[in-house]
Amino acid sequence: MDKYVCIHGHFYQPPRENPWLEEIELQDSAYPYHDWNERISVECYGPNARARILGEGLVVIDIINNYSKISFNFGPTLLSDLEKRRPDVYRSVIEADRLSMANFSGHGSAIAQVYNHMIMPLANKRDKETQVRWGIEDFRKRFGRDPEGMWLPETAVDPETLDILVSHGIKFTVLAPRQAKRTKKPAKGARWKESEVDTRLPYLVELPSGKNIAVFFYDGEIAHEVSFGGLLYNGEAFARRMTSPAHQDGTPYCVSIATDGETFGHHHKYGEMALAYCLHSIESNKLASLTNFGAFLEKHPPEHLAEVHENSSWSCAHGVERWRDDCGCNSGTRGGWNQQWRKPLREALDWLRDSLSPVYEEEGAKYLKDPWGARDAYIGVILDRSRESVDAFFGSHASRELSEPERIEAIKLLEMQRNALLMYTSCGWFFDEVSGIETVQVMQYAARAIQLAEEARGVALENEFMKRLESAPSNVYANGRSAYEMFAANARIDLERVGMHYAISSLFDEYGKSAPIYCYDTESDIYEKYEAGKLKLAMGITGVRSRVTNESARFFYSVLHLGDNSVNGGISPFAGISLFNAMKLQMTGAFEKRDIPEIIRLMDKYFGTNSYSLRHLFRDEQRKIIDQILSQTYGEIEASYRHIFDDNYNMMEFLRQLNIPLPEPLSVTASFTINTDLKRSLTDGVDIEKVKALIRKAAGLSVRIDSEMAAFKAGRFVNASMERLSSSTEDIPLMETTRDLLEILRPMDLPMDLLSAQDAYFRIGKGCAPAMKERSAKGDDAASKWLAVFNELGDKLRVKVRI
């Protein structure tokens, strides 16, 4: 067949890790999930790894790995997060590339991506080089092969970037059709045609250096319909649209599209199912041959020539102005706002980058043979921070045998450069406001780079950087400086802050002698805690070591908890056991007398007036401890609401019988009480009759169930139940409970994530169900009952397995 289809998904999230902790902290806007990466993994990345194909009656009849049948790229920083927190999804992505190699003549469907989504035409050549090298090395480490293609962030392109791709063995990239400046047929005497491109053919772009690279210009019209035009409402229609472009002159051709991978499930709910059915329909009906870019390129090398618009992209009609100026491109959701902050922000970061470069060159030359070459190779350490990996790095790049303090200084310089690259992540400019979450993230990377420069050379860059940010107007605050001071400068962390986090949280959590805190390790030498009613006093000596830079320090501390949110702590570098013992003797004496003013005075004496409180805890632990502190208050509030609810329940029922809306105080009370009970019922083991009663109460009183909460809790219960059934397949009561819960909740049409449950059902159906069917046919009553309940459960899960 000469007709091919290639669907490319660009799967990417901006790096969201706290630059000091190397972990993503709690993001309330992603409720009920911990953060946006977790939420999008549940809505998109996981579902595409096990996408459902629906049959008659919208019942699941098959499950496929979409990634194995499409072309895709994953942002390296996103894959790193999936590897740590969703290893099941990560393994599916890696496996998909292996499967696609079998499907597509040895060509894997995964292509590499420039490392942290930097807009390449706006970068200097040195940064472009590092971004490409890091992206390739990350790809090799994960997929075990060299990449054939590379995705350019926002498809932003210029000749220098393409030249760097080719110099590193990249064979092709993917661009939007409007990025084609002109094209020319291979025939002798053929003329260039301006702004005319046949998206079904690959093109060869000749570069000023004399090199060339293949480019696929995707079908922009179909891609727009997928992303914004409702084509994902129907997988069969999607398949017809992908195979509709007419065949011309018998030349083999490929209809390709490219879109954000998050389109399939996150931006469009069930989009992954439409994609799965599209692929299924194309294959089963032989509408075309599925392929990927590498496989098509081998069979049909480009004959036509193309030139590209320099400094163009797929998401800005003005080229790359969206990432350096107020060009008019924005989300469209904030009328009256402007993006005049974009240019001053980029100029401030460019100034910072250029100020950091001599610091790195001059200080790095003390330890490294070639500082910039070492930066290119530092991706090996980023991917593997083990002692062996670091030793190998310095074995190749150190100018001499380095002492441990010298190695630490060298790593800090390299980390300064890593953060200087991360601060150019494109999302920092994409949206509408300089204080937005994505822009704050790049500011935090800048703050970390500034801090490391101060530590490496004593150079003070922050004041000048903030002064430059004053030129960046904000739609919310005074200017970019205000946003930086509130959300970036205030987020700064050092070893002392980690030590204080350990000290304060130790009042509420039990730590062992050794305890990890994000990317730090703590080692407690002495820890003593005293309690008297609500009063708590903790003192100790602890060491803190960074697993990133390997720098370490020892501290002594004291923390006083007066009850509720009143916490006061102090910490200082360890200055000898005698000083600690003197403090301990005086503190314990004052505590025994309940002399709080004296304890505070002693803290000032030993630690100065710079005290710490709950405000200084890292966000997740802070929220956890505040919940602990508030638990009694929550209990008292709940008891009050429940008392009002119970005392007035008959009156509320009477009002509803008369079709009189509940007065707001009673409505709020009823909503709180019923949703609290439902949440508890779905968390602590399901009591079917209680859940039924609560739903009836809610309906009778016209109380709105918190559907997100109920879907989240019920989905977790059902998924966990089905996983238990996978290892205990004959547990009929558990099957019945799961079946009954799904039946009760069905009328509510909750947006439950049941992918894991459906996967487990498929495994059980393909595994032990045939044996049960055989036993049932021989008159085994227990097997017959099992089959009946199993089939009923499948109906509720909307899954059908042919046994």
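**Close-up 1. Residues at the contact of helices H25 and H27 in this predicted model.** From H25, the residues Val-718, Asn-719, Met-722, Glu-723, Leu-725 and Ser-726 meet Leu-755, Ser-756, Ala-757, Ala-760, Tyr-761, Arg-763 and Ile-764 of H27.

**Close-up 2. Packing geometry of H25 and H27.** Helix H25 spans residues 707–727 and helix H27 spans residues 755–767, and the two pack at an angle of about 20 degrees with their axes 8 Å apart. Angles under 35 degrees count as roughly parallel, and H25 and H27 are therefore roughly parallel to each other. The crossing in which H25 passes H27 is left-handed.

**Close-up 3. Packing of helices H17 and H18.** Helix H17, residues 462–469, packs with helix H18, residues 480–487, at an angle of about 135 degrees, and their axes lie 6 Å apart; H17 and H18 are therefore oblique to each other. On the H17 side the contact is made by Glu-462, Phe-465, Met-466, Lys-467 and Leu-469, and on the H18 side by Gly-480, Arg-481, Tyr-484 and Glu-485. The residues of the contact of H17 with H18 divide into four nonpolar, one polar and four charged.

Close-up 4. With a disulfide taken as a pair of cysteine sulfur atoms within 2.5 Å, the count comes to zero disulfides.

Key:
Residues numbered from 1 in each chain as written. Predicted model: local features only at pLDDT ≥ 70, side-chain atom pairs only at ≥ 80, totals over all residues. Heavy atoms only, no water. Axes fitted to C-alpha atoms, helices over the stretch in contact; angles between N-to-C directions. Helix = DSSP H or I, 4+ residues; strand = E, 2+ residues; numbered from the N terminus. Parallel < 35°, antiparallel > 145°, perpendicular 65-115°, else oblique. Left-handed = near helix turned anticlockwise from the far one by under 90°. Contact = heavy atoms within 4.5 Å. Nonpolar A, V, L, I, M, F, W, Y, C, P; charged D, E, K, R; others polar.
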